[in-house]
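Colleague: I am new to this one. Could you walk me through how to read it?

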Amino acid sequence: MIVEYIRYRVPAAAEEFEAAYRRAVVPLGKAPQCLDYELSRCVDEPECYILRIAWTSAEDHLKGFRNSAHFAEFFAEIKPYVAGIEEMRHYEQTIVRTEPTLFDWAGGAEAFERLTQVFYDHVIADDLIGPLFAHMSPDHPQHVAIWLSEVFGGPDRYTRELGGYPRMLAHHLGKQLREDQRRRWVSLLMDAADEVGLPGDPEFRAAFAGYIEWGTRIAVQNSQPGATPPAQAPVPRWGWGVAPPYQP
Ligand code: HEM
């Protein structure tokens, strides 16, 4: 993720400027390269504004967004104010900030979607666990991405939209998953994490692996004959544990 800051000086017509941005953020928000945005107005000098846009990467912004139809629509709205731009640059986040969630650190929803797409491509082709997933729905990778996003501190979409813990549990009940299958599942997921470029720092990977180890063991336990897992429970929320990003 990269943050772009655009500082504007808008000596007159603040209302029109804000109205133009209210329209411009419609195509901006639809662009897959844009993670979030925020326009703030200076209290001490009201003609000054700062627009903050979080992009998936500088390249995605400059090559992906700038060449898209969303940019054309966005730019048409804000064009009259371009002369008032005093700064427009990309900034890399540093460690000095409120502790990010694992979800943010990983790269947000898009990162988990990339992860599960690649992961299930490998799962399906795998001789040991592929057959378990032979009849999975085409939405399965996306559902697991939404589950993982919620676990790692992202939006609670699996709970609100997909049936929460009881639905996830129901998918594993009675499947009689074995330890060798669990191990392969974990191993393919870790390979996929490398392949899609999830952050490789020790802190993130330790926390990520911690949940995956825990979650897969629970999936195996719950899948055994006679297992009596709780019928209702919240989706777990996983944090950094004992090793958050290091701050000297
Ligand atoms: C952290 C560990 C795990 C997570 C987060 C997880 C997540 C999920 C979720 C969210 C679903 C339901 C998808 C939906 O809503 O459509 C599901 C289904 C399933 N999971 Fe897991 N799972 C885990 C471990 C495992 C393991 C270790 C295995 C087997 C080795 C496994 C086998 C399956 C199977 C066979 C299904 C049903 C597929 C179908 O629809 O045909 N899961 N899993």
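Colleague: At what angle do the axes of helix α9 and helix α10 cross?

Modeller: One caution before that: this is a predicted model. Now the pair. Helix α9 covers residues 179-195, and helix α10 covers residues 202-222. Their axes cross at roughly 150° and come within 10 Å. Angles over 145 degrees count as roughly antiparallel. Therefore α9 and α10 are roughly antiparallel to each other. The crossing of α9 past α10 is right-handed.

Colleague: Which residues make the contact of α9 and α10?

Modeller: Go helix by helix. From α9 come Glu179, Arg182, Trp185, Val186, Leu189 and Ala193. From α10 come Phe208, Ile212, Glu213, Thr216 and Val220. Then sort them by class. Seven residues of this contact are nonpolar, one is polar and three are charged.

Colleague: How do α5 and α9 pack, and at what angle?

Modeller: Helix α5 takes in residues 108-125. The axes of α5 and α9 lie 9 Å apart, at an angle of about 135°. That angle makes α5 oblique to α9. The crossing is right-handed here.

Colleague: Which residues of α5 and α9 make that contact?

Modeller: On α5, look for Leu115, Val118, Phe119, His122 and Val123. On α9, look for Leu188, Leu189, Asp191, Ala192, Ala193 and Glu195. The classes come to eight nonpolar, one polar and two charged. Notice Leu189 and Ala193 of α9. They take part in the contact with α5, and they also belong to the contact with α10.

Colleague: What about α1 and α3: at what angle do they pack?

Modeller: About 170°, with the axes 8 Å apart. Helix α1 is residues 14-30, and helix α3 is residues 69-78. So α1 is roughly antiparallel to α3. In α1, the residues that meet α3 are Ala20, Tyr21, Arg23, Ala24, Pro27, Leu28 and Lys30. Their partners in α3 are His70, Glu73, Phe74, Glu77 and Ile78. This contact has seven nonpolar, one polar and four charged residues.

Colleague: Let us step back. How many helices and strands does the protein chain have?

Modeller: There are 10 helices and four strands. Read the order from the N terminus: β-α-β-β-α-α-β-α-α-α-α-α-α-α.

Colleague: Into which domains is the chain divided?

Modeller: Domain 1 spans 2-91, and domain 2 spans 102-222. Taken over C-alpha atoms, the centres of the two domains are 35 Å apart. For overall extent, think of a box around the C-alpha atoms. Along the principal axes, that box is roughly 70 × 45 × 35 Å.

Colleague: Which residues are closest to the ligand?

Modeller: Met136, His143, His171, Gly215 and Ala219. In total, 24 residues surround the ligand.

Colleague: Which helices supply at least two residues of that shell?

Modeller: α6 (140-151), α8 (164-172), α9 and α10 each do. By class, the shell holds 12 nonpolar, nine polar and three charged residues.

Colleague: Where should I look again to tie this together?

Modeller: Go back to α9. It packs against α5 at about 135°. It crosses α10 at roughly 150°. And α9 supplies at least two residues of the shell around the ligand.

Notes
Residues numbered from 1 in each chain as written. Predicted model: local features only at pLDDT ≥ 70, side-chain atom pairs only at ≥ 80, totals over all residues. Axes fitted to C-alpha atoms, helices over the stretch in contact; angles between N-to-C directions. Parallel < 35°, antiparallel > 145°, perpendicular 65-115°, else oblique. Left-handed = near helix turned anticlockwise from the far one by under 90°. Contact = placed C-beta atoms within 7 Å. Nonpolar A, V, L, I, M, F, W, Y, C, P; charged D, E, K, R; others polar. Domains from an automatic or database assignment. Near = placed C-beta within 6 Å.
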